[in-house]
Amino acid sequence: MKLVLAPMQGLTDAPMRALLTAVGGFDWCVSEFVRVNDTVLPPRVFRRYVPEAEQGFRTPVGTPVHVQLLGSDPACLADNAAVAAEMGAPAIDLNFGCPAKMVNRHRGGAVLLKEPEVVHRIVAAVRRAVPAHIPVSAKIRLGYHDREPFLDNGRGLLAAGVSWITVHARTKEDGYRPPAHWHEIARLRDIAGDTPVIANGEVWTVNDHARCRAESGCADVMLGRGAVASPGLANAIRDAVGGGSGGLPDWASLCELQRDFVRDETGTEAGAVGRYKQWLTFMTRIYPQAEALFLQVRTLRTRHEVAAAITASSSL
Ligand SMILES: Cc1cc2nc3c(=O)[nH]c(=O)nc-3n(C[C@H](O)[C@H](O)[C@H](O)COP(=O)(O)O)c2cc1C
């Protein structure tokens, strides 16, 4: 049973990947997408997107970080994948799910799901360009306007030799609106043979994870916003699958993590405080204490003030 931390632009960046993988439970994470246009990016650009490249593409606790590429030109994506592979990337993931207008207008992300032939050619070209021992995976949605191209895309990916397919169980039109249609993933699972299919979308709790697995028929699941809202979720899932109670960490221990996160001095103070508030907003979904804390920190500007508010909250 694999648990994967989802790529989320501006959310699961390197500091958040470090934090969530240190809490534990993840087999690997996927980087935010590296946008590929018509040039071969130099290694320094990859290092900027994926700072873990300096440590063998691993987070500080050793969890592998796969490199995600987004683009539409098979040859250029293949050349860039070869650079990442040469640098030591443990796996290359290709993004066919991004719903952003700007990205789609430039023929990147989910819009390519309308063209299964292009999706096939991209993965085949990248597969050829990367040494056989390095997996090449794809992350797709069910479709763009509707779910009609889902299996055509799936068949094209399988024929291209994809190592596994992650399916965010919604169309581009669905955006992030609940529910995720986990049962649709089972249609691909049925034809994928030995190729793993990883289910993704709307897994916020241990119970969601069990239902997602049952409905999709997939053993493996990718956690996105649920992992950020509930940093102990991956461990709790493992515990529950092993027959345990699947409990989450208490608020006081989460407060310690929050203090460390906001005190991190690698970026600017405004950046650290802003990113912390973003994270806290996600946690309000699971922890009632986060709601009260958010009201207190909303107008605060310094790391010091925010850390003090977290300390006060930790005894609540
Ligand atoms: C803020 C944000 C940024 C995202 N960025 C990416 C990305 O860079 N690459 C990608 O494949 N998916 C991206 N996604 C989609 C997620 O990886 C995931 O498929 C989606 O959030 C559904 O899973 P969830 O319901 O568990 O969050 C992003 C999602 C969010 C909310």
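Modeller: A residue counts as buried if 20 or more other C-beta atoms lie within 10 Å of its own, as exposed if 12 or fewer do, and as partly exposed in between, with C-beta atoms placed from the backbone. This is a predicted model, in which local features need pLDDT of at least 70, side-chain atom pairs count only at pLDDT 80 or more, and totals for chains, interfaces and linings use all residues. Residues are numbered from 1 along each chain as its sequence is written.

Most residues other than glycine have a negative phi, and most peptide bonds are trans. F57, which is not a glycine, has a positive phi near 55°, and its place is in the loop between α2 (43-49) and β4 (65-70); here helices (H or I, at least four residues) and strands (E, at least two) are DSSP runs, numbered from the N terminus. Because F57 has 23 C-beta neighbours inside 10 Å, this residue counts as buried.

R107 also has a positive phi, about 60°, although it is not a glycine, and R107 sits in the loop between α4 (101-105) and α5, the latter covering residues 116-129. With 13 C-beta neighbours inside 10 Å, R107 counts as partly exposed.

Methods:
Axes fitted to C-alpha atoms, helices over the stretch in contact; angles between N-to-C directions.
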